[in-house]
Structures are given as structure tokens and as C-alpha cells.
Amino acid sequence: MKAVMSPKLGLGVNLTPQLLQSIRLLQLTAPQLELELRQALERNPLLEQDEAEDGGVDATVDAQLETAAWDELPEPSFVSGGSAGGDFDDDSAARIADGESSDPRLRLLKSLSLQWNARDLELAAWWLDQCDDRGYLEAPLDELHLLGASTCNVDASELEIVRQRLLHGEWPGVASCDAGECLRAQLSMLPESAGRTLASRILRDHVDLLAMHDEAALAKALQADTNAVRDAITLILTLRAHPIEDAPASDRDVVIPDVVAWRADGRWHVALNQRSTPRVRIASHCERALADAPGDVSALRGLLDEARWLVRGVAMRNDTLLRTTQVLVERQRAYLERGDEAIAPLTLREVADAIGMHESTVSRITTGKYLQMPRGTLELKRLFAVRLDGADVSGSAVKAMVKRLIDDEPVHAPLADDTIAGLLARQGVRVARRTVAKYRDQLAIAPARQRRRPAVAMAKAG
């Protein structure tokens, strides 16, 4: 066989140890960073805890000058740890050790990566991006098939195969169209039995009777024994109402805010929570001694370089966190002051453009980080909101409006979905009836006919 040389053009990013450490520090939560710094203090004698009130200013200035070394990182799937012509499937950033993510999408993809190939994982990530916080698809399945086929350059049948694998996978019901499909997927994972078969028929054909808890009507419709129907209903009640699993409980079940926001002098102020992590610096006397030390002190100089990288990396992390939070607070001032109905549409790209960094950097720095404010403490991810199609408001704001209207409705005349859509239109928010129904389902609120209280019951209550 004749050897043939052919040129091949490749593009990659070389991740130095300093850059890898900076990315890793971005992902650490406040408790994780505290543990990291305390271990570094014990391991490196050239580091010392900074007790000064205004310590770390020089390191922060240096960090701002050197942020360009990593703030323009491409998407993680595009980052290679090898040579310039390395394998694009080798994601060095993904190999960085970190704690359990608070983002269920990342937790599921991390688990699936142990068995799924890269292409299927990419399609699974696309499906998860189309799901709401509970794991249900946010748009009709037909529309998503067309969108996915054009976006991912695959056939709709291949997309649907991946969705079915998600639907009947580790978290049964993920990427389901509605609650019925979610519950049926969970049922399919249970051992086969007469009760499971009857429960499947109920979920497929008689969800309305199930919602009314009418066992007699269900038994008649299914031509089954009442006790068997009752057992099937009990089986259904053991299923999860939505497919997204909660994050595993940690040993430290305390939320420590990374950033604090408060309103004073007519504007919002943002500051890092300096009490959440120890501040470290390089011991000045050790640095001076090394500069004048005779002989071979390469081992100590290596420790000095490690200490400098750590101090600079922490300063870069804190600077990025502070600037990102300042943009989030500025863009979501109305939400901080008035609540859920005032949350504005905001994406990772918009924040990334505002601070001059990449979307992946913003995603890393906001995951697992918490903001303390007068309204309470919330994760920074909560300040992002998807724009509602054809409107200038976010879906989260519309959902809050729907909840307020239903909470304030007359008990004897509950508002139908089309009525709610009309009331929202009067407020300048034009949404379809099915959009109102989707948000009402997400809020676990029954339809208007089931919320109506009979006059007799109202009289007795009075």
C-alpha cells in the first residue's frame, strides 16, 4: 500500500493548565470554592489567608488585564485540549471536575454521556432545550420536528427516535408532549401486570374521568371491577407529576449567596459576598526570599507559580461573577422591584455581549451561583427568561400573569382560557388560548369547568 500525504486543516484551542484552572474556578459554587482555597492554603506554604479589608485589589486588576486569555472561549463542544489539529469531539473543558450541577439538563446529559454517542447526545441536548423547567415540550411536536430537522440537519424520524429514547430512558417522561404521555412513559418502565395495563388505558382514553376522581364512571367505561380501577388509580398516583428529577441532596443543605444586591440612593448596588469564601494572597516575605535565594529552588518556584495562578484565577472568577451579576440586575430591575410579572426576556448571548465574553463563560459563572436581594435569595439562572413568540414579554412573566388572574377570579365564575387570553390582550400581551392552557397546566391548575364551585357548596361555606 502506498503512503499518501494529504493536507488537513483543523482548528482548535490549546488549554494551558492556567486556563483549565480558570475555567474550573468559574464553575465552583461558594462552598466548593471555600473548600478549594482551604485545601490550597494547607498544600502550598507560599499562600496565606488575606485578613485585610481591601485585600486582593492588585490581583483583580491583573485579572482584568488578562481576562482575554479565556473570555473568548468557544462552545465547550468546540474546545480541544490537544494540538491545533486535535479531535473536536475531545472536550477538555468537560473533563474539568466539578460538583453536581443545579441544572437538571446538565445532570441528565452527563449521565447519558456514559452510554450515548456524541451525535445522539447533541440531539438529546436539542430536545432538552425545547423543554420547560418540568421537562415538558414547550411547542407542538410537529413544529419541533420541522424546526429540529432544519436546525440539526437530520430527518424528523431520527429526531423522534432520540426523543423516544429520552422519553423511556433514565428519567422517564422527559421531552413528553403532555402529562398523559409522561405518565404513560413512567408506566411502561414498571413490571407488566393487570394493574399497569388498566392504568395505561385510563391515561390513554379517560384522563378526564381520572381528573374528576370518578371511580364508578371509570369502571363503567373500562368495563372493569371497581376495586381493580381503584388499584390502577393508586398505581398512577405513585408516578411523578413531572419527569425532571430533583438534584441529589447535598451534605451541606444551606444556600450561601455569592453576590448581594440592594437598592440605595435610587439605584441598585451589587457586591460580592466576601464572607462566603476566604481570601488568599501570596506571602510577600516568601516571594522576596525566593527572589534572592541562591542555588536550585525550582521546586519552590513551581509552588510560587501555582500560587500566582490560583490568586489570579480567583480574582478573574470574582470579577466575571460581579460584572455578570451587574448586567443581570440592571436588565431585571423591574423583576427585582415588582416580582415575576415584570421579568424581562433575557438570554445568555445578550449578557455575554454586554460583558464582552462568550456565552459558555456566562453559563458557567451563573450555574449554581446565588444572589441575595430584598425579595429573597435566588439562583442567577432564574434571571434569564425566554421571549414569548410574537410578544415583547417573557414566558415566565405571562405565566405569573395567568396565575394572578386565576387567583383573583370569582369562585362562582372561573375564567376560561380564552377569557384569560382576552384579559392579557387588554394589558398589551397577546397570546393564544393554547399558550394560556399550557401555562395553566404547568401551574397544576385545573380547567375552568373543574374550578367552578356549585352554588350549594358556596352557600354551605358561607
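A residue is called buried when its relative accessible area is under 20%, exposed when over 50%, and partly exposed in between (1.4 Å probe, protein chains only). The model is predicted, so local features need pLDDT of at least 70 and side-chain atom pairs count only at pLDDT 80 or more, while totals for chains, interfaces and linings use all residues. Residues are numbered from 1 along each chain as its sequence is written, and side-chain values use heavy atoms, with hydrogens and water left out.

Helices are DSSP runs of H or I with at least four residues, numbered from the N terminus. Buried residues of helix 5 include Asp120, Leu121, Trp126 and Trp127. The buried residues of this helix pack against helix 4 (104-112), helix 6 (141-152) and helix 7 (156-167).

A pair of aromatic rings is described by the distance of the centres and the angle of the planes. Rings of Phe, Tyr and Trp (its six-membered ring) pair if their centres lie within 6.5 Å; planes under 30 degrees apart count as stacked, over 60 as edge-to-face and the rest as tilted. One aromatic pair is found in the whole structure. The ring centres of tryptophan 126 and tryptophan 127 are 5.2 Å apart and the planes lie at 75°, so the pair is edge-to-face. Tryptophan 126 counts as buried at 9% relative accessibility, and tryptophan 127 counts as buried at 0%.

Note on methods
Helix = DSSP H or I, 4+ residues; strand = E, 2+ residues; numbered from the N terminus. Contact = heavy atoms within 4.5 Å.
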